[in-house]
Amino acid sequence: MSNSMVVMQPQPVMVSRDSDQWGSGICDCCNDVPECCFAYWCFSCFTCIIAKEYGECLCLPLLDVCGIVPPITMSIRVSMRQRYGIEGDMCNDCLVATFCRACVWCQMSREMKARDLQVTLVGARNL
């Protein structure tokens, strides 16, 4: 009979202490005026930078020229809601992504700055 030892690696746990609502409203551009001006004057550059900071491909937002509803803006907004545990629905995401695209990107940028989640492994040992 042999003895065997089972070793389990610690699993990452996401703990969010933030609200389940957006940190700022869709029209709260006055909360970060320089960012809002950047989005207004060079929207394509702004969206690409925000997408890169979010962890997506740098040029992904350039695909938003397809169709009436901007697919990339909507999908990143939905992804951000899921990542940060923000309540909402796809109908609202679709409406604001279609009619308030610049404001949506500014709101997502403010949310990323406000949440700024750092990944910490609970129970991990330093070797």
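1. Helix α2 passes α5 in a left-handed crossing, meaning that the near helix is turned anticlockwise from the far one by less than a right angle. The axes of α2 (residues 43-54) and α5 (residues 101-115) come within 10 Å and cross at roughly 35 degrees; axes are lines fitted to C-alpha atoms over the stretch in contact, with angles from 0 to 180 degrees between N-to-C directions.

2. On the α2 side, F43, F46, T47, I50, A51, E53 and Y54 meet R101, A102, W105, C106, S109 and M112 of α5 (contact: heavy atoms within 4.5 Å). These residues divide into nine nonpolar, two polar and two charged.

3. This is a predicted model, with local features needing pLDDT of at least 70 and side-chain atom pairs pLDDT 80 or more, while totals for chains, interfaces and linings use all residues. Residues are numbered from 1 along each chain as its sequence is written, and side-chain values use heavy atoms, leaving out hydrogens and water.

4. Do look at S24, in the segment before α1 (33-41). S24 counts as buried because its relative accessibility is 9%, the cut-off being under 20% with a 1.4 Å probe, protein chains only. Leaving aside residues up to four places away in sequence, S24 touches N31, Q107, R110 and E111.

5. Overall, the protein chain has five helices and zero strands (DSSP runs: H or I of at least four residues for helices, E of at least two for strands). Of its 127 residues, 31% count as buried.

Methods
Buried < 20%, exposed > 50% of the residue type's maximum accessible area, 1.4 Å probe, protein only. Nonpolar A, V, L, I, M, F, W, Y, C, P; charged D, E, K, R; others polar.
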